[in-house]
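Here is a short report on a structure.

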2 protein chains.
Amino acid sequence: MPKAKQFDELEVLKKAEKVFNEKGYNGTSMDDLVQATGLSRSSIYDTFGDKHGLFLKTLENYQASQDKAMQQQFTKTDSYKKKIRAVFDYMINDIVTDKTRKGCMMVNANMELNCVDKEVAEMALTTMEEMEQQFAMWIKEGQSTGEISKKFPAKALAKNLYNNIMGLRVTGRNRPDYDTLREITKITLSLLDQ
Amino acid sequence: MPKAKQFDELEVLKKAEKVFNEKGYNGTSMDDLVQATGLSRSSIYDTFGDKHGLFLKTLENYQASQDKAMQQQFTKTDSYKKKIRAVFDYMINDIVTDKTRKGCMMVNANMELNCVDKEVAEMALTTMEEMEQQFAMWIKEGQSTGEISKKFPAKALAKNLYNNIMGLRVTGRNRPDYDTLREITKITLSLLDQ
DNA sequence: CATTATTTGGAATAATCGTTCCGAAGTTAC
DNA sequence: GTAACTTCGGAACGATTATTCCAAATAATG
């Protein structure tokens, strides 16, 4: 019965992501979103509720595709150390190929809204905990096979690695230079070796 | 002849800092600032030009007092390794004693406005370069006295340290837990020892 | 004490904000 | 082909935005 939607929701979310990420949540207006997505106001409100709903959907979609893309990288190898390196490589590539320097939407959203938006704050916390747990698992496995040094407790080292990734998301915003980011990462990953 | 200003400019900047930092630049209205500072609109515009001018002044003042407070910590010792540790300790303390979890204004401002505000982007870049250079100097000195390991090039290690500090400013926003931040830092600083 | 210079509070302004609403267009089911 | 329902464009809404302006208050100088 109904008329089909004339747009692909995921494509719209990708376009919204770009604007939200370049201008921030409070910095982007509904006009910006109408222009960027090509949709009319009514379609946006009908599909996503309101601006905040669209933002949350966009953020979820961003993190999901980020997770998926990363997974495609680290499943290429069975080595735990190489899985970790693959995550860092993915991040560096993501940063230096980002033409507009808009950075990671989850980090940006969290830094802008952490104090005033519980949902965003919780998503950021969950993302962090999941990644840390993933790292911890790999490190523990790698330590048991002897591939990774036992010098540091797995959980602590995992948190240190994630801390470094968040660092890249900040410093990479100021200076998205491939060689520098690799240099930084090389030192961080040496922690796995000693 | 003139009637003296009825307020202390620095105190006003401190109050503005709190609001800007909790709500972000675009998230805080002039009404918020009037309420937070206790000043009238006219006084704000007369003294700081406009909202953006006030923000920049606030950000400059924040960084200056941040630098000063940090300096008071690391000048307490002559050991280069301890100077570096003092910076990390200062950061951790700054994070965990921040009741509202508002984080570092320079990082927040940069993450929100990097794409759309050249002045903020440049301030953030300068802040990073200065801190990295400071670290590099200390590391170089420490390496020459044997206090710090020569395993890594001073400049690269300096960038890694700053990267970790930026990490703390992000992860500390999600989970401002003293023990965790110390755990992370302990591993990072072990890079100086090997 | 009067004059001059400045601050200050609050009203006023124009623009922009997020959101709602309605009529026209379109699509499927009967 | 008609009925039922949805999407969609754009006008319209009230609220909020940053900013301006002016009269009243204030303080230092002569």
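## A helix pair in chain A

The axes of α1(A) (residues 9-23) and α2(A) (residues 30-37) come within 9 Å and cross at roughly 135 degrees. The crossing of α1(A) past α2(A) is right-handed. Contact (heavy atoms within 4.5 Å) involves V12(A), K15(A), A16(A), V19(A), F20(A) and K23(A) on α1(A), and D32(A), L33(A), A36(A) and T37(A) on α2(A). Helices are DSSP runs (H or I, at least four residues), numbered from the N terminus.

## Basis of the model

This is a predicted model: local features need pLDDT of at least 70, side-chain atom pairs count only at pLDDT 80 or more, and totals for chains, interfaces and linings use all residues. Residues are numbered from 1 along each chain as its sequence is written, chains are lettered from A and ligands numbered from 1 in the order in which they are written, and side-chain values use heavy atoms, without hydrogens and water.

## Two copies

Chain A superposes on chain B by a rotation of 180 degrees with 0.0 Å of shift along the axis, at RMSD 0.0 Å (least squares on C-alpha atoms of residues with pLDDT of at least 70 in both). The two copies are thus related as by a two-fold rotation axis. In chain A, G167(A) has the C-alpha nearest the axis, at 2.0 Å.

The copies meet through the same surface, because 100% of the interface residues of chain A are also interface residues in chain B.

Technical notes: Axes fitted to C-alpha atoms, helices over the stretch in contact; angles between N-to-C directions. Helix = DSSP H or I, 4+ residues; strand = E, 2+ residues; numbered from the N terminus. Left-handed = near helix turned anticlockwise from the far one by under 90°.
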